[in-house]
Amino acid sequence: MSKSLIAFFSYSGNTEVIANITKENVGGELFQIKTVESYPTNYNGVVDKARQEQNANYIPELSINVTGMDSYDIIYIGYPNWCSTIPMAVFTFFESYDFSGKTIIPFCTHGGGGMGRSTTDIKKLCPNSNVLEGLAVRGSSVNKAGKDVSAWLSEIGVI
């Protein structure tokens, strides 16, 4: 039987909502990706910091690690779309473990940019993994996204 991890990075709480809906549908264990250094509390400050991190290819240090990553077969990965891709904290997460042979299922929250290039970037970071089609949920719609999440999980064959 497959063992699932639902890892997510959530700045405003929107991605955490989708992570919890995913858990309700598929089970598995939740893991919140957190950085040692916190992000600004205002939107423009976060956007500026996200751009600076991307431009500098900065890999922020994570404050907690997954115990027993080798035991998970399926990794759901949730994140906000920052500057058309995954936040650098999620890059750190991917660079911290070996995802070879694992199935990776991305989902993101966004303000209009959808998945951006995040799936392509995840495939580059995890070339020996099976990366499935992701789901993008507009941040303003997360609290009514339950049916969309369930339909997506059904479409990709995990429920």
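User: Let us begin with the aromatic rings. Which residues do ring pairs link into a cluster?

Analyst: This is a predicted model, and the values that follow are computed from it. Two aromatic rings count as a pair if their centres lie within 6.5 Å. In this structure, ring pairs join Phe-31, Phe-93, Phe-94, Tyr-97 and Phe-99 into a cluster.

User: How many aromatic pairs are there by this rule?

Analyst: The count comes to 11 aromatic pairs. One of them is formed by Tyr-39 and Trp-82, with 5.3 Å centre to centre and 70° between the planes. Planes over 60 degrees apart count as edge-to-face, and the pair of Tyr-39 and Trp-82 is edge-to-face.

User: Which parts of the chain does the pair of Tyr-39 and Trp-82 tie together?

Analyst: Tyr-39 belongs to the loop between strand S2 (29-32) and helix H2 (43-56), while Trp-82 belongs to the loop between strand S3 (74-80) and helix H3 (88-95), so the pair ties together parts that are 43 residues apart in sequence.

User: Are Tyr-39 and Trp-82 buried or exposed?

Analyst: A residue is called buried if its relative accessible area is under 20%. Tyr-39 counts as buried because its relative accessibility is 11%. Trp-82, at 10% relative accessibility, also counts as buried.

User: Which residue has its charged end over the ring of Tyr-39?

Analyst: For this feature one looks for a charged group placed over the face of a ring, within 6 Å of the ring centre. The charged end of Lys-49 sits over the ring of Tyr-39, at 5.4 Å from its centre. Elsewhere, Lys-3 lies over the face of Tyr-72, 4.8 Å from the ring centre.

User: How much space lies in the largest pocket?

Analyst: A cavity is a space from which the probe cannot get out, whereas a pocket is open. The largest pocket contains about 450 Å³ of space. It is lined by 20 residues, of which Tyr-43, Pro-80, Asn-81, Trp-82 and Gly-111 are the closest to its centre. Two or more residues of the lining come from each of helix H1 (14-26), H2 and strand S4 (103-110).

User: Which element gives the largest share of the lining of the largest pocket, and how is that lining made up by class?

Analyst: H2 gives the largest share, with five residues. By class, the lining has eight nonpolar, 11 polar and one charged residues.

User: Let us turn to the backbone. What is the phi of Cys-83?

Analyst: One notes a positive phi when the residue is something other than glycine. Cys-83 is such a case, with phi near 55°. Ser-84 likewise has a positive phi, of about 75°, although it is not a glycine. Cys-83 lies in the loop between S3 and H3, and Ser-84 is found in that loop as well. Cys-83 counts as partly exposed because its relative accessibility is 26%, and Ser-84 counts as partly exposed at 37%.

User: How far apart in space are Tyr-97 and Val-66?

Analyst: Here one sets separation along the chain beside distance in space. Tyr-97 and Val-66 are 31 residues apart in sequence and 9.0 Å apart, C-alpha to C-alpha. Tyr-97, a member of the ring cluster, is placed in the loop between H3 and S4. It is buried, with a relative accessible area of 17%. Ala-151 and Glu-37, by contrast, are 114 residues apart in sequence and 36 Å apart in space.

User: Which residues does the "Flavodoxin-like" domain annotation cover?

Analyst: An unreviewed UniProt entry gives this domain annotation for residues 3-154. Over residues 3-154 the chain is 34% helix and 20% strand, with the end C-alpha atoms 18 Å apart.

Note on methods. Residues numbered from 1 in each chain as written. Predicted model: local features only at pLDDT ≥ 70, side-chain atom pairs only at ≥ 80, totals over all residues. Heavy atoms only, no water. UniProt positions renumbered as here; feature names shortened; annotations may be inferred. Helix = DSSP H or I, 4+ residues; strand = E, 2+ residues; numbered from the N terminus. Phe/Tyr/Trp six-rings, centres within 6.5 Å; stacked < 30°, edge-to-face > 60°. Buried < 20%, exposed > 50% of the residue type's maximum accessible area, 1.4 Å probe, protein only. Lys NZ or Arg CZ within 6 Å of the ring centre and 35° of its normal. 1 Å grid on protein atoms, 1.4 Å probe; cavity = no way out; pocket = protein on both sides within 12 Å on 5 of 7 lines; lining within 4 Å. Points joined across faces, edges and corners; volume = space filled by probe spheres on them. Nonpolar A, V, L, I, M, F, W, Y, C, P; charged D, E, K, R; others polar.
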